[in-house]
Amino acid sequence: MKKTIREDDGDINWFRAASPYINAHRGKTLVIAMPGSWLRSELLPTLTHDLTLLSHLGLRLVLCFGLRAQMEDQLAQDQEQSDIVDGRRVTDSHALETIISAAGVARNDLESRLSMGLPNTPMAGARLAVTSGNYVTAQPFGIRDGIDFQHTGSVREVHSSAINAILDAGHMVLLPPLGYSLTGEVFNVTVSEVATECAIALKADKLAFFVDSLPIDEDGSPLRQASSRRIERVLNNPSQTDKADSSNMTLNTILNHAVKACQGDVERVHLLESDDPTALLRELFTRDGSGTLITMDRWEHIRPATIADVGGIIQLIAPLQTNGTLVTRSREDLELDIENFVVSERDGMVVACAAIYLEPETATAEFACIVTHPDYQGEGRADQLLMHLEERARELNCVSARILSTHTGHWFVARGYSETPRQDLPPVRRVSYNEQRNSKIYSKRLDLK
Ligand SMILES: CC(C)(COP(=O)(O)OP(=O)(O)OC[C@H]1O[C@@H](n2cnc3c(N)ncnc32)[C@H](O)[C@@H]1OP(=O)(O)O)[C@@H](O)C(=O)NCCC(=O)NCCS
């Protein structure tokens, strides 16, 4: 029967492509830093709609909002002014009163918008409970370089257990740029600091900042992905450091916070363009994402495989088994063998794997099944896996590493391996050598640097 292509097939395909991400993000904690200018932006309804949607998809959400734009307007109306030094306002008593009242207005506005559920959708009326409170303890920022910052504070502690209890109950947490001291004082704290410290305290999976412009790489194009180490290098590039976004949170302040968050074990920091209403959902639910992704070290983590990874590993290796690149392993073989595997994952999906087998008789580790999904190749993932396995072998007192390969010898040679005659295989390994595959053997000394 002839198949017809329907107009909505694109949407269906998009939905199919998004479903692994929907699954991967369920139960994950996302902290968002929103500049105050967004509260008055025409994009605000889109953001609150998307937050409601994300909450219903099972994400645990903390929304931190800034108030700099509101402060500037109110201070101008009052014919007052307060200096901003290195991204922090010098907060005198009048500025403090202004920010406290702006926080109340902003909170009411956000709460009312988030009470709307998802209007004009079948989920209309699905309510999102929002909770705010004194979850951030602050201390005075003090006098720096002779400048008394007065009521400006820095975060001393985030009450993560209280916030977690609220998130566990399915509520969204709303945090103003304010902190409270143990003596009952209120301090003005930057939104980027509140969001960063909150993400660290909660061990959040993601921290997102909205920015006016993305960091650029050495070629001058927007940086799509980078490790926190690379961001530190970008920060040392003077052309990068003095851009300001609309909320006046300078990009380098945000980048510094991103690095701090990564060092504090927040897995991913996302910088999203403020003027793109689709940025948040695209970043979370599409393969290409949007904005800049900053990670602790790399985009994915290497970890020991578990039985839950068997399906993902099979998907990775099946085509290579069919074309003869890899030895055929059944699901049962893999399940029995799973503790020898490590996987590299991104957004909850296995994108590369490798296995290690120890040969105690010869103090040798044999590596096998090193595979990177074709969509993720060429970005150093297999390299990292190999280094990880070599490190593990050294810890287990192996003095040499071995690999058998039919197609990929040059890749290993480029990484310090050299071809070894088959007769050099120790007897214990020779018995299981598959003559039919006729693989070449490569080895490397691990005890030499
Ligand atoms: C080989 C493989 C694991 C590399 O994965 P990866 O994550 O892309 O690896 P890296 O990013 O560390 O390295 C990429 C580099 O290796 C090179 N490379 C890829 N396959 C190669 C091969 N068969 N021979 C030589 N070099 C190869 C790429 O051209 C790239 O070179 P570049 O740095 O100059 O751009 C991947 O191509 C793969 O899964 N291949 C099929 C499975 C396989 O053969 N596994 C090895 C046997 S166990």
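**Ligand site.** I began with the ligand in this predicted model. Thr408 places a polar side-chain atom 2.5 Å from a ligand oxygen. For Thr372 the distance to a ligand oxygen is 2.8 Å. For Trp411 it is 3.1 Å, again to an oxygen atom of the ligand.

**Ground rules.** Residues are numbered from 1 along each chain as its sequence is written, and side-chain values use heavy atoms, with hydrogens and water left out. Local features need pLDDT of at least 70 and side-chain atom pairs count only at 80 or more, while totals for chains, interfaces and linings use all residues.

**Confidence.** I noted a mean pLDDT (the predictor's confidence in each residue, from 0 to 100) of 87 for the protein chain. 90% of its residues reach 70 or more. Residues 244–248 fall below 50, with 11 contacts (heavy atoms within 4.5 Å) beyond near neighbours in sequence.

**Sheet.** I traced an open sheet of 7 strands, in the order β17-β18-β19-β20-β21-β23-β22, with mixed pairing. Strands (E, at least two residues) and helices (H or I, at least four) are DSSP runs numbered from the N terminus. Pairing takes at least two DSSP bridges between two strands. β17 (301–304) and β22 (418–420) are the edges; each has a single partner strand, so one side of each lacks a neighbour in the sheet. Neighbouring strands are turned by 30 degrees on average, direction ignored. β17 runs antiparallel to β18 (residues 341–346), joined by 4 bridges. His301 stands opposite Glu345 in β18. Helix α11 (residues 310–322) packs on the sheet and touches β18, β19 (349–359) and β20 (364–372). I read about 80 degrees between α11 and β19; axes are lines fitted to C-alpha atoms, for helices over the stretch in contact, and angles run from 0 to 180 degrees between N-to-C directions.

**Two buried residues.** I looked up Thr98 in helix α4 (residues 93–114). Thr98 is buried at 7% relative accessible area (buried is under 20%, exposed over 50%, partly exposed in between; 1.4 Å probe, protein chains only). Beyond four places in sequence, Thr98 touches Met71, Gln74, Leu75 and Asp78.

Next came Val259, in helix α9 (residues 251–263). Val259 is buried too, at 6%. Beyond four places in sequence, Val259 touches Ser228, Ile231, Glu232 and Leu235.

Definitions and conventions: Polar contact = N/O pair within 3.5 Å; in protein donor to acceptor, adjacent residues only side chain to side chain.
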